[in-house]
Amino acid sequence: MAKLYFNYSTMNAGKSTLLLQASYNYQERGMHALLFTAALDDRTKVGEIASRIGLKADAEIFDGELDLFARVSEFIAGNKLDAVFIDESQFLNETQVWQLAKVADTLGIPVMCYGLRTDFQGKLFPGSAALLALADVLREVRTICWCGRKATMVARLNSLGEIVDEGDQVVIGGEESYVSLCRSHWLAKQLQPDTMRQPDKQSFACSAA
């Protein structure tokens, strides 16, 4: 039985790399996959899924108006299809998530979604909220904070490299605009270890003498 999968994480955890690797595995076995990515993601070029390690693949684009069930149904009318992959799935709307569930349930095609869980303010994206509610399988793609603990939060940076906590939910950017942190350091807005050294007591005593 086909399932709807949601692979979620913070920024820069390698979601697109995993998607492209999984898609390649299908191709390597003579199977066929249909890839989608968000129309508003133009970090490389619109209609391309690209990873930080150089992997890339062309994909169809989705916006809030695209009926994904209708598009997949149209595609399989003339093509063999074994899987559907959705990159940047946080930008789906609730209706589209239901459409993807219908692809799995009625067309028997597994759907693998990859995306962020929360935004820079710690709030769920609409697509992620729907996927967390509806997906058959939830998988966390882990990455780490600078402290070594699991990163669960995304912080947005301004042009000066400072953490900001106000602004639009969606601002497209990469490593220059976002950083993944553990919840503790996200709350503290701490981007790196505190390198301030305490005065050496012995040296201070000698200098005072």
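I note here that the model is predicted.

Next I looked up the helix beside this pair. Helix H2 (residues 68-76) packs on the sheet and touches S2, S5 and S6. The direction of H2 makes about 150° with that of S2.

Then I traced the whole sheet. In what order do the six strands stand? I read the order as S5-S2-S6-S7-S1-S8, in an open sheet with parallel pairing. Strand S5 (60-62) and strand S8 (137-140) are at the edges; each has a single partner strand, so one side of each is left without a neighbour in the sheet. Ignoring direction, neighbouring strands of this sheet are turned by 20° against each other on average.

I moved on to another helix. Helix H4 (residues 126-134) lies across strand S1 (4-9), strand S7 (111-116) and S8. H4 runs at about 130° to S1.

Which residues have the most contacts inside the largest nonpolar core? They are Leu4 and Ile86, in a core of 32 residues. The elements that give two or more residues to this core are S1, S2, H2, S6, helix H3 (94-106), S7 and H4. I listed the contacts of leucine 4, leaving out residues up to four places away in sequence: among them are Val97, Leu100, Val111, Cys113, Leu131 and Val137. There is also a second, separate core of 13 residues, which includes Leu20, Ala22, Ile49 and Ala83.

Is threonine 118 buried or exposed? I found a relative accessible area of 9%; the cut-off for buried is under 20%, so threonine 118 counts as buried. Leaving out residues up to four places away in sequence, threonine 118 touches Lys123, Leu124, Phe125, Thr152 and Val154.

Last, I wrote down the totals. The protein has six helices and eleven strands. Of its 209 residues, 44% count as buried. The protein exposes about 11700 Å², and carbon and sulfur atoms supply 50% of this area. Among contacts between residues at least 6 apart in sequence, 76% join residues at least 24 apart.

Note on methods
Residues numbered from 1 in each chain as written. Predicted model: local features only at pLDDT ≥ 70, side-chain atom pairs only at ≥ 80, totals over all residues. Heavy atoms only, no water. Helix = DSSP H or I, 4+ residues; strand = E, 2+ residues; numbered from the N terminus. Buried < 20%, exposed > 50% of the residue type's maximum accessible area, 1.4 Å probe, protein only. Contact = heavy atoms within 4.5 Å. Areas by Shrake-Rupley, 256 points an atom, 1.4 Å probe, with all protein chains shown as cover. Pairing = 2+ DSSP bridges. Axes fitted to C-alpha atoms, helices over the stretch in contact; angles between N-to-C directions. Core = buried A, V, L, I, M, F, W, Y, C linked by side-chain atoms within 4.5 Å.
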